[in-house]
Amino acid sequence: MAYDPEKYREKREKVLGIRKRGMGFGTIAMVVSLVIIVGLSVVTVPQAVSYMATRHLDDAIFKLESESKWPAGVITGINAIQGVKNTVKDEHTTRLVVTYDRRIVSLSNITAKFDQQNLDVTLLNQINHRQHQNTMKEEEEELEAS
């Protein structure tokens, strides 16, 4: 009968004083690498998802030439245009920020809506939505700091 080393493994380890303590190096390396990967994922995945959701959005900032307030019918009409995501009036209600998807609707479609209502409107700025959000956040932080 051939010698089977597995049969007497426990007995040999007991005689030689070999004890199994804790986790092995491979297990520890695996846990550390998983922690690093999960940590990086928590940081980068939300930013990537946010970017993918807003990469085609632009903001157009319009100013009403007359000092009156924006008519409610115009704002609802602009919101009804397919591709317009959001419209926001500023505190003084003379400026209107229109967030739209540039793949679906063009700026000329939005300005045509103002022309239909016979409103004298000036386009102040057309900017990427993410850049506009970052600028607004920086301005808020500056106001809070001062």
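Biologist: Before we look at the rings, when do two rings pair?

Modeller: Rings of Phe, Tyr and Trp, taking the six-membered ring of Trp, pair if their centres lie within 6.5 Å. In this predicted model, such ring pairs join Phe 62, Trp 70 and Phe 114 into a cluster.

Biologist: How many aromatic pairs does that rule give?

Modeller: The count is two aromatic pairs. In one of them, the ring centres of Phe 62 and Phe 114 are 4.9 Å apart and the planes meet at 65°, so this pair is edge-to-face. Planes over 60 degrees apart count as edge-to-face.

Biologist: Which parts of the chain does the pair of Phe 62 and Phe 114 tie together?

Modeller: Phe 62 belongs to strand 1 and Phe 114 to helix 4, so the pair ties together parts that are 52 residues apart in sequence.

Biologist: And how are the rings of Trp 70 and Phe 114 placed?

Modeller: Their centres are 5.5 Å apart and their planes are at 45°, so the pair is tilted. This pair also links distant parts of the chain: Trp 70 sits in the loop between strand 1 and helix 3, while Phe 114 is in helix 4, 44 residues apart.

Biologist: Is Trp 70 buried or exposed?

Modeller: Trp 70 is buried, with a relative accessible area of 4%. Phe 62 is buried as well, at 1%, and Phe 114 counts as buried with a relative accessibility of 1%.

Biologist: What does Trp 70 touch, leaving out residues up to four places away in sequence?

Modeller: Its contacts include Phe 62, Leu 64, Ile 75, Arg 95, Leu 96, Phe 114 and Val 121.

Biologist: Now the core. How many residues does the largest nonpolar core have?

Modeller: The largest nonpolar core has 17 residues, and Phe 62, Trp 70 and Phe 114 are those with the most contacts inside it. At least two residues of this core come from each of strand 1 (57-64), helix 3 (72-80), strand 3 (95-101) and helix 4 (107-116).

Biologist: Changing topic, which residues form the nonpolar patch on the surface?

Modeller: The patch consists of Met 23, Ile 28, Val 32, Ile 36 and Leu 40, which together have about 470 Å² of accessible area.

Biologist: Where does Met 23 lie?

Modeller: Met 23 is in the loop between helix 1 (9-16) and helix 2 (25-54). With a relative accessible area of 52%, Met 23 is exposed, because exposed means over 50%.

Key
Residues are numbered from 1 along each chain as its sequence is written. This is a predicted model: local features need pLDDT of at least 70, side-chain atom pairs count only at pLDDT 80 or more; totals for chains, interfaces and linings use all residues. Side-chain values use heavy atoms; hydrogens and water are left out. Patches are made of residues with over 30% relative accessible area and no salt bridge: like charges are joined within 9 Å, nonpolar side chains (Val, Leu, Ile, Met, Phe, Trp, Tyr) within 5 Å. Accessible areas come from the Shrake-Rupley method with a 1.4 Å probe; for residues, only the protein chains shown count as cover. A salt bridge is a side-chain nitrogen of Lys or Arg within 4 Å of a carboxyl oxygen of Asp or Glu. Helices (H or I, at least four residues) and strands (E, at least two) are DSSP runs, numbered from the N terminus. Buried means under 20% relative accessible area, exposed over 50%, partly exposed in between (1.4 Å probe, protein chains only). A nonpolar core is a set of buried Ala, Val, Leu, Ile, Met, Phe, Trp, Tyr and Cys residues joined through side-chain atoms within 4.5 Å. Contact means heavy atoms within 4.5 Å. Rings of Phe, Tyr and Trp (its six-membered ring) pair if their centres lie within 6.5 Å; planes under 30 degrees apart count as stacked, over 60 as edge-to-face and the rest as tilted.
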